[in-house]
Amino acid sequence: EARKAGRGEQRLFDDDMNAAAKDALMIDGALRGALAAGEFYLVYQAITNAHTGKLTKVEALLRWNSSLLGPVTPDRFIPVAEDSGMIVELGTWVLEQACRQAGRWKQSVLDDVTISINVSAWQLADPAFVTLVSQALISNGLSPHQLELELTERVLIDDAIHVQTVLAQLRALGVGISLDDFGTGYSSLSYLTQFHLNTLKIDRAFVMDIEHSERSNSLVHAIIAMGHSLGLQLVAEGVETAGQASILEKMGCHYLQGYHISRPISPELLLQFADGRAGAAPQPYTDYAI
Ligand code: C2E
Ligand code: MG
Ligand code: MG
Ligand code: MG
């Protein structure tokens, strides 16, 4: 009887595996030609100063509206693009597109905004990466402090020595390096001093429970204290309520990002959002279209 149930589970497991593999295969196929067909675009999410409410940074997030599959979320297509190596081409497009947008904002209230982009391990391994970054800055008239690259811990363990060198070159250029989703991965504290980081992004998983879980609250408190003592800037991700924002501000978190402040939105809406904020008291932005 037990053996039978075991076999049943095994079959379900195989079916799940097949479904996942089929999904990946389908996405992989649809990804080919998608960039050339203009199926990608970027949305931008505000990151504000926790104390003043000023819009200081903006994270660029990739969106794909596939002609074959309809809208596909990054959680589905980024891993596939990483497996095939297509993430390098895609990431280069994101870098150029985001810098072009920041260049366009030069004559607006967003003239000094820092743009954050997500960078995967394959991109850092590409010998052309540092040159691509400096070219994107120069050709769009951006100063290096206006660009920040978000890496996950995964990137840091892949080829630590090479990554260290590349990050040192990028920091020498003046580009910011931030550690994304902090607390969810390996979270080896040695990363914080070994690599040339200047920002830690506290993962949404901890921010989410900060009001109700003693454990999350102490964890976030500890991360913030540690960040301060290492001279790192702190960004809280996934801030969804006024209560969370207020706790984080009191704990000394420098920047806030999340639906409480704004959803990821189009560049046009972001400009409106920033305009509305100039001088005004910080208000959650709810008139989002995406
Ligand atoms: P991430 O870099 O940690 O980005 C934050 C994710 O959290 C985004 O999901 C954003 O829409 C979502 N988010 C922001 N505020 C809130 C909130 O208050 N509540 C909740 N529930 N979610 C919130 P998104 O856009 O689906 O992106 C998912 C992940 O895909 C990103 O996580 C990043 O790892 C990856 N990604 C997105 N764009 C790119 C890209 O251009 N290149 C690379 N390599 N990865 C990307
Ligand atoms: Mg990110
Ligand atoms: Mg993140
Ligand atoms: Mg994430």
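This is a predicted model: local features need pLDDT of at least 70, side-chain atom pairs count only at pLDDT 80 or more; totals for chains, interfaces and linings use all residues.
1. Asp-181 sits in strand β6 (residues 176-182), while Glu-237 is in the loop between β8 (233-236) and α11 (242-251), so the pair ties together parts that are 56 residues apart in sequence.

2. Are those two residues buried or exposed? Asp-181 is partly exposed, with a relative accessible area of 26%. Glu-237, at 11%, is buried.

3. Now for the other metal site. The magnesium ion (ligand 2) is coordinated by Glu-59 (OE), Asn-118 (OD1), Glu-150 (OE) and Asp-180 (OD), at 2.0 to 2.2 Å. The donor residues of the magnesium ion (ligand 2) are spaced E-x58-N-x31-E-x29-D in sequence. Glu-59 belongs to strand β2 (residues 55-66) and Asp-180 to strand β6, so here the pair ties together parts that are 121 residues apart in sequence. Both Glu-59 and Asp-180 are buried.

4. Which residue do the two sites share? Asp-180 coordinates both the magnesium ion (ligand 2) and the magnesium ion (ligand 3), and the two ions are 3.9 Å apart.

5. The largest nonpolar core has 81 residues, and Leu-124, Leu-147, Leu-170 and Leu-248 have the most contacts inside it. Helix α3 (residues 87-104) supplies the largest share of this core, eight residues. As background, nonpolar side chains tend to be buried together in soluble globular proteins.

6. Leu-170 is worth a click. Leaving aside residues up to four places away in sequence, Leu-170 touches Leu-124, Phe-129, Val-130, Val-133, Leu-149, Val-175 and Ile-177. One of these, Leu-124, is also among the residues with the most contacts inside the core.

7. How many aromatic pairs does the whole structure hold? A search finds six. Phe-40 and Trp-93 make a tilted pair, 6.5 Å centre to centre with 50 degrees between the planes. Phe-40 is in strand β1 (residues 40-49) and Trp-93 in helix α3, 53 residues apart, and the pair links these distant parts of the chain. Phe-40 counts as buried, at 6% relative accessibility. Ring pairs also join Phe-40, Trp-64, Phe-77 and Trp-93 into a cluster.

8. Two tyrosine rings have a charged residue over the face. Lys-57 lies over Tyr-255, at 4.8 Å from the ring centre. Arg-263 lies over Tyr-259, at 3.8 Å from the ring centre.

9. Last stop, Asn-198. Where is it? Asn-198 is in the loop between α8 (190-194) and β7 (199-202). A polar atom of the Asn-198 side chain lies 2.8 Å from the backbone nitrogen of Ile-177. Not counting residues up to four places away in sequence, Asn-198 touches Arg-171, Gly-176, Ile-177, Ser-178, Leu-232 and Gln-233. Ile-177 also turns up among the residues that Leu-170 touches.

Key:
Residues are numbered from 1 along each chain as its sequence is written. Chains are lettered from A and ligands numbered from 1 in the order in which they are written. Side-chain values use heavy atoms; hydrogens and water are left out. Helices (H or I, at least four residues) and strands (E, at least two) are DSSP runs, numbered from the N terminus. Buried means under 20% relative accessible area, exposed over 50%, partly exposed in between (1.4 Å probe, protein chains only). A nonpolar core is a set of buried Ala, Val, Leu, Ile, Met, Phe, Trp, Tyr and Cys residues joined through side-chain atoms within 4.5 Å. Contact means heavy atoms within 4.5 Å. Donors are N, O and S atoms within 2.8 Å of the metal (3.2 Å for Na, K and Ca); water is not among the atoms, so sites may look incomplete. Rings of Phe, Tyr and Trp (its six-membered ring) pair if their centres lie within 6.5 Å; planes under 30 degrees apart count as stacked, over 60 as edge-to-face and the rest as tilted. A charge sits over a ring if NZ of Lys or CZ of Arg is within 6 Å of the ring centre and within 35 degrees of the ring normal. A polar contact is a pair of N or O atoms within 3.5 Å; within protein, one must be able to donate a hydrogen and the other to accept it, and residues adjacent in sequence count only if both atoms are side-chain atoms.
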